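Trainee: I would like to learn how to read strands, turns and peptide geometry in a model. Could we work through one together?

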Amino acid sequence: MNRERPTSLILCFLVWHLLLLIHHHSAVVNAAGGSWQLLQKSIGITAMHMQQLHDDSVIIFDRTDFGPSNLSLPAGKCRNDPNDQALTHDCTAHSVKYNVVSNTFLALEVLTDVWCSSGAAMPDGRLVQTGGFNDGERRVRVILPCPTCDWQEFPNGLAARRWYATNHLLPDGRQIIIGGRTEFNYEFYPKTPTTSGVFNLPFLSQTDDPSQENNLYPFVHLNVDGNLFIFANNRAILFDYNKGAVVKTYPQIPGGDPRNYPSTGSSVLLPLKNLQSGNVEAEVLICGGAPRNSFLQALRGNFLTALNTCGRIKITDASPSWVMETMPLARTMGDMILLPNGNVLIINGVQNGVAGWELGRNAVLRPVLYKPDNPVGSRFEVQNPSTIARAYHSSAILLRDGRVLVGGSNPHEKYEFTNVIFPTELRLEAFSPDYLNAAVSNLRPLILLPRTQSQIGYGQKLLLRFSLAGPVNVNAISVNMVAPSFATHSFSQSQRLLVLSVIGKILPAGKNIYQMQVITPGSGNLAPAAFYMMYVVHQAIPSPGIWVQLQ
Ligand SMILES: *[C@@H]1O[C@H](CO)[C@@H](O)[C@H](O)[C@H]1NC(C)=O
């Protein structure tokens, strides 16, 4: 024994140094700040709107009155639209279906103008898109998740014109469509005999800035009590849409600067946790935007620096107040994406000016990660930059595999490829956060059960089985569900993330295989019936997601 001791000491010393090395190495890897991948040199259109469906396709569209795009419709197909302001006979596409798994795309045919519209995936997985401009302003358009499916259009599907509106999927399976230019009201889809009309929302006229709006594409989040949190300009209400009643008025965001279009910050509902508690807390985070009057200044060629602040508020508190934080980079037109591990990625946008034709300057190429559970002061992490500017009319969404799909950017009235500050961007890229790094693959779970496309009910025990090559840390495992959202104009409609409660222990179930039980969300207020991406997250590293249909 005694004689072995020096050897053990030396061994210990070596192991210690090795650990330091590994630690140092992994710290370097972890601090690398993500990576970028060019997926497509051109999808032929600009990704102004994006929605992922549960067949891993992404429905993308811009506007029909951009003139000819760089993608032809299938042979023989052309759109004859006497109302089109750019091209009445157009044989090019303005919508594509991108297949994430095969990294291929095909042209879709949209017949009327979808410019600056809104939408949501319904409980059965269809995308229902609403409104747009000109002949498209009262249209409802539907696309099903199937390889050969194309858009179907329903004229006068809406009761009012909806241009720059925000939609949200509701607990009863309908979607609500809120606001839009000069529409200080809301409506539902599908219609029922008692809710077929338009309902007033005075909050939208109260938050409308003369000559520069600042309340379009309001930030709408479904609160855990079933009411809607609606933020427009610089303040918010909690709204009972059934009664048409304001339930709560939130204080103005400190500083008072506007956060909605054209100032265009962004917002997320932070991950919902402790779903079993009966007292779930909900927090909203709003980041970026532009100082008041930035729009009027930008029209005169004065591009003010964007806001570098975020406001965070517990919307379920009896007397809520904002907590302000400072981002490392000022940003307008940034998208905010809930990552599978509950962190928030702030991506895209510019540092000066506002949304609108030719009104933005200085692309912010670096995304920033926000870690909501870290202490104030250590929540932001600057990520590696893209080489592609993503200004006005760009978008970003989370993919099932944990990457973030990034596309679009076209602050011009037509497609403009030369002699402009931000040429029309037809390229698609993906941002891979650190957690996709190969160096951490032995810590990455892989879900074995349930199988993808499984149906799950409310408030039920669900058996989850996963494999993990490396050592498991049972205290650092969670199961998260993310709703695929409708992304446009820097805001992801219906975006939410649910942290499921694990019950009992995480137990071995074979070599490198573990299982546990979780409880599915208890109500549609927490999670409207829909398809969700489900992840097992281990030490902040998510598994590849699976699709589950909550019903
Ligand atoms: C799109 O088409 C225009 C006009 O034909 C051309 O100038 C431009 O280079 C094309 N852009 C891309 C990215 O394919």
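Mentor: Start with pairing. Two strands pair if DSSP finds at least two bridges between them. Helices (H or I, at least four residues) and strands (E, at least two) are DSSP runs, numbered from the N terminus. This is a predicted model, in which local features need pLDDT of at least 70, side-chain atom pairs count only at pLDDT 80 or more, and totals for chains, interfaces and linings use all residues. Residues are numbered from 1 along each chain as its sequence is written, and side-chain values use heavy atoms, with hydrogens and water left out.

Trainee: Which residue is the bridge partner of Leu 369 in E29?

Mentor: Glu 381. Strand E28 (residues 368–370) and E29 run antiparallel, joined by three bridges.

Trainee: What is the strand order in the open sheet of four strands?

Mentor: The order is E24-E25-E28-E29, with antiparallel pairing. Strand E24 (335–338) and strand E29 (380–382) are the edges, each pairing on one side only. On average, neighbouring strands of this sheet are turned by 25 degrees against each other, direction ignored. For such angles, axes are lines fitted to C-alpha atoms, for helices over the stretch in contact, and angles run from 0 to 180 degrees between N-to-C directions.

Trainee: Is strand E30 (residues 394–398) mostly covered or uncovered?

Mentor: First the cut-offs. Buried means under 20% relative accessible area, exposed over 50%, partly exposed in between (1.4 Å probe, protein chains only). E30 is mostly covered, with five of its five residues buried. Ser 394, Ala 396 and Leu 398 point one way, Ser 395 and Ile 397 the other.

Trainee: How many bridges pair E30 with strand E31 (residues 404–408)?

Mentor: Five, in the antiparallel sense. Ile 397 stands opposite Leu 405 in E31. The two strands form a hairpin with five residues between them. In the turn, Gly 402 has a positive phi of about 95 degrees.

Trainee: Which residue other than glycine has a positive phi near 60 degrees?

Mentor: Glu 358. Find Glu 358 in the loop between strand E26 (350–353) and strand E27 (360–363). Glu 358 is partly exposed, at a relative accessible area of 37%. Asn 419 also has a positive phi, near 55 degrees. Asn 419 is in the loop between E31 and strand E32 (428–432), and is exposed at 80% relative accessible area.

Trainee: Where does Pro 262 lie?

Mentor: In the loop between strand E19 (245–249) and strand E20 (266–269). The peptide bond from Tyr 261 to Pro 262 is cis, with omega near 5 degrees. Another cis peptide bond joins Leu 449 and Pro 450, with omega about -5 degrees.
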